[in-house]
2 protein chains.
Amino acid sequence: MGTTQLETAPEPKYWHLKTVLSEALDSEFAVGEILPNERDLAARFGVARATLRQALEQLELEGRLQRRRGVGTTVAPPRMGVAVDPARHTWPGAPGDDWEPVEATEAETVPAAVARLLETVPGEPVHVVRRSRVTHGQPVAAELLYVPASSLRGAPETGKGAEGAEQPADAAARARDVLRRLQGLELEGQDRAVELGSARADDARRLDRLPGAPVLVVTTRYFARGRTAAVAVSTYRADTCRLTFGDSEAMTVLAG
Amino acid sequence: MGTTQLETAPEPKYWHLKTVLSEALDSEFAVGEILPNERDLAARFGVARATLRQALEQLELEGRLQRRRGVGTTVAPPRMGVAVDPARHTWPGAPGDDWEPVEATEAETVPAAVARLLETVPGEPVHVVRRSRVTHGQPVAAELLYVPASSLRGAPETGKGAEGAEQPADAAARARDVLRRLQGLELEGQDRAVELGSARADDARRLDRLPGAPVLVVTTRYFARGRTAAVAVSTYRADTCRLTFGDSEAMTVLAG
């Protein structure tokens, strides 16, 4: 049944099972392999289904297992490093950005937490740009970027799709247009917060996860003209992603 | 029973319950208040205990509820912003650092993932410095900092507790001594990765959580002399913490 390295703390039953299962994953299963069903696994390890399920949930939190709709529980590959670089000092959509603009809409209400960061008042129009990020062919993150219309007021026009000109009909083109106008402003700084969340139904669908799956939520504030000009709420799959933050000096060391 | 804002995706039962519960938390409960027991809650909302438990787990993931040993489930205060600043370019233990050194030991084996980052070989001695971080009187994070003895070789001696001198007897003093010697090296850069994990039994005890509770694991590499001189694995409570990453320009904007 394997042993655990834990010595002192009282150890719940599922925790011991988790350790045993983790060793079994190392020794008996390959990445991508589908695990036996819960009934068979519970019988093999002589535990109740509820205990087994708790242990599987732990292994999913740790990125060892993935539960996929219509497939079952599979052995997860190592997590991918996904760069979230606060040192780049660029607007979203700048060259080298890994995100794809999907669409832009105009909203009169935004989530309360976003409104607080943007200091907007209800009814104030806000551009909402939806973007997605795909790494190695897998969707890894979905983002909503909130840009109050007032942030873009007086921003240099970009020719195509600028105010007064004909609006681009295509959803992605509208998104690119908002990003282009934002890039006309001088970016004075940015900061980020990372926290644990659970996937909303719409993000879950886009990320190929079940609603409520654990996600890492990165909230970025972009500063221009002495205020918060835009806020991005980016939702990363917590099962497949490690978010990496590098500084340029470290990069040099690694490259050298 | 409240309504949800979700329109399109198929919605599991616990997910709907979560939304309803979340609204009840806003309207009927204060921060710190203990929720009724599971049986009463399940009866009130007309759901099975298993469904209720799934909804409570979601709310815990989102930081709305806290489960505390011997207390029960309480309404969580807003998460604390805890600064994890890759822009500071300082060694652990430098002035302004929020961590308290607890102890230092010398190990001949380190976790495989750490050994890979440090490029150490088995049997090579590694200083392991344990540190803890307390914010507003609450333990928020526990850290193990791994420093191969070879990283400190030739590092300027610091007088007190330097190689050859009498070793300080006190555990925290030994930890401070390793940090002081590390600070004698020129720091060439650092990078960080953030990922989801589950609390090991020892960290769980230190963070006042149950083993397996979701945590945010921050792995930091410190570079000196063209190699990885130290690796810190910091485990933050995911229920109470938002990790913040700021750049100095953004800070100026906020302060101004």
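Over which residues of chain A does pLDDT stay under 50? In this predicted model, the answer is residues 1–9, a stretch that still has 16 contacts beyond four places in sequence (contact meaning heavy atoms within 4.5 Å). Residues 248–256 of chain A also lie below 50, with 15 contacts beyond near neighbours in sequence. On this scale, the predictor's confidence in each residue from 0 to 100, chain A has a mean of 84, and 85% of its residues reach 70 or more.

Residues are numbered from 1 along each chain as its sequence is written, while chains are lettered from A and ligands numbered from 1 in the order in which they are written. Local features need pLDDT of at least 70, side-chain atom pairs count only at pLDDT 80 or more, and totals for chains, interfaces and linings use all residues, with side-chain values taken from heavy atoms and with hydrogens and water left out.

Turning to the domains, an automatic or database assignment divides chain A into domain 1 (12–75) and domain 2 (80–255). Six residues from domain 1 meet nine from domain 2 in the contact. About 610 Å² is buried between the two domains, with carbon and sulfur atoms giving 43%; this is the accessible area (1.4 Å probe) lost on putting the two parts together, summed over both. A:Glu60, A:Gln66 and A:Arg69 supply 67% of the area that domain 1 buries against domain 2, more than any other three residues.

A:Glu60 also forms a salt bridge with A:Arg209, their closest N and O atoms being 3.5 Å apart (the criterion is a side-chain nitrogen of Lys or Arg within 4 Å of a carboxyl oxygen of Asp or Glu). The count of salt bridges between the domains is one.
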